[in-house]
Amino acid sequence: MKLMQLYASLKSDLQTIEDTLAQSVASDLPLLNESAQHLLKAGGKRLRPVIVLLGGKFGEYSLDRIKPIAAALELIHMASLVHDDVIDDAATRRGQPTVKAKWDNRIAMFTGDYINGKALVVASELGDPRIHQILSGAIVQMCIGEMEQIRDFFNTDQTVRNYLLRIRRKTALLIAISCQLGAIAAGAAPAVSNALYRFGYQVGMAFQITDDLLDICGTEKKIGKPPGSDLRQGNITLPVLHALNEPAIRDDLLREIARIRDAEGTADSSAAVKLVRASGGIRASELLADRFKNKALRELEKLPNIPARKNLADIAKFVAQRSY
């Protein structure tokens with residue numbers, strides 16, 4: 001309910017950002033326009049724009065200055081989803097057909113590239129070179145994270161450290177700079193924007209771990225895709241890594257993962273999911289997500305005690321406990 005109230009309080013500003021997103025990806029080329037609008041119309045939590053707006057509350061809040069950052073970050077996120085769906089051969093996202101499923105891989109890749117380019121166009125409305133450096137640096141790191149994930153598909157010998165470094169690049173950095181850039185665009189003090197970056201990083205780590213838990217423990221109705229999708233694609237996530245460290249489960253789980261790999265994405269992953277659900281990997285992953293959440297909350301204590309600080313705390317708590 002707290003989160004619903006937060007979104008309601010930001011409704012007008014979020015609608016302005018939504019309109020900016022739609023305008024930004026519009027194209028005179030009908031096919032490109034349709035594919036670019038497809039994911040936008042599927043909706044989403046718009047977590048990054050919300051965090052940008054809240055970061056801006058710690059400075060001189062101006063929607064005109066903050067809007068380009070919020071829209072650019074959401075566009076970068078959207079582009080990464082389109083590309084992810086090609087890499088993962090995903091048929092659905094948020095319960096809707098993916099761009100690659102509705103059209104094909106080529107259309108999806110160029111659509112993702114187009115949306116990424118539009119993100120930079122939107123961000124160029126702000127003349128601060130530091131903002132552009134942070135944005136471009138994050139895009140580079142996200143690409144490295146994606147390459148690391150591809151490299152480690154079906155790699156059951158990877159470590160938890162490998163996993164954490166990967167999700168830092170793939171997910172946590174974009175959420176971290178969402179907090180940071182909102183504050184920078186609003187002229188907040190460097191100590192404030194730096195604390196917000198650290199908060200966002202911890203929240204981003206908790207977000208991705210929880211996302212990976214939902215892929216194992218969630219339902220298709222809740223998460224918008226079949227459970228075990230990560231395993232079918234070869235993505236070995238934290239709960240799976242922990243399960244592989246349990247002698248009673250390891251051999252059976254290795255056999256299931258090998259079977260899925262050999263079937264090249266066509267195998268049923270329900271047996272592997274069942275093994276992971278029965279392991280201590282679920283609880284170990286939940287505890288780590290909770291640790292990141294608590295670190296995020298401690299970072300907030302360094303910030304001015306304004307309503308936005310409590311809003312960010314509510315987001316951190318939601319992220320680590322969400323069921324969708």
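Leaving aside neighbours within four places in sequence, Glu146 is in contact (heavy atoms within 4.5 Å) with Asp84, Ile87 and Lys170. The model is predicted, so local features need pLDDT of at least 70 and side-chain atom pairs count only at pLDDT 80 or more, while totals for chains, interfaces and linings use all residues. Residues are numbered from 1 along each chain as its sequence is written, and side-chain values use heavy atoms, with hydrogens and water left out. Glu146 belongs to helix 8; helices (H or I, at least four residues) and strands (E, at least two) are DSSP runs, numbered from the N terminus. Glu146 counts as buried because its relative accessible area is 13%, and buried means under 20% (1.4 Å probe, protein chains only).

On a 1 Å grid over the protein atoms alone, a pocket is an open set of points with protein on both sides within 12 Å along at least five of seven lines, whereas a cavity is a set where a 1.4 Å probe fits but cannot get out; lining residues have an atom within 4 Å of a point. The volume of the second largest pocket is about 260 Å³, a volume being the space filled by probe spheres set on the points, which are joined across faces, edges and corners. Its lining holds nine nonpolar, three polar and two charged residues.

How many cavities of 30 Å³ or more does the structure hold? There is one, and the largest cavity has about 70 Å³ of space. Its lining includes His38, Val82, Asp85, Arg93 and Lys100. At least two lining residues come from each of helix 3 (30–41), helix 5, strand 2 (96–97) and helix 6 (99–102). By class, six are nonpolar, three polar and three charged.

Helix 14 (residues 247–262) has 16 residues, which should span 22 Å at 1.5 Å a residue; its end C-alpha atoms are 23 Å apart, which agrees. Its buried residues are Ile249, Leu253, Glu256, Ile257 and Ile260. An α-helix has 3.6 residues a turn, so residues three or four places apart point the same way. The buried residues of helix 14 pack against helix 12 (229–233), helix 13 (238–244) and helix 15 (270–277). Just after helix 14, Glu264 takes a positive phi of about 55°.

Key:
Nonpolar A, V, L, I, M, F, W, Y, C, P; charged D, E, K, R; others polar. Buried < 20%, exposed > 50% of the residue type's maximum accessible area, 1.4 Å probe, protein only. Expected span 1.5 Å × (residues − 1).
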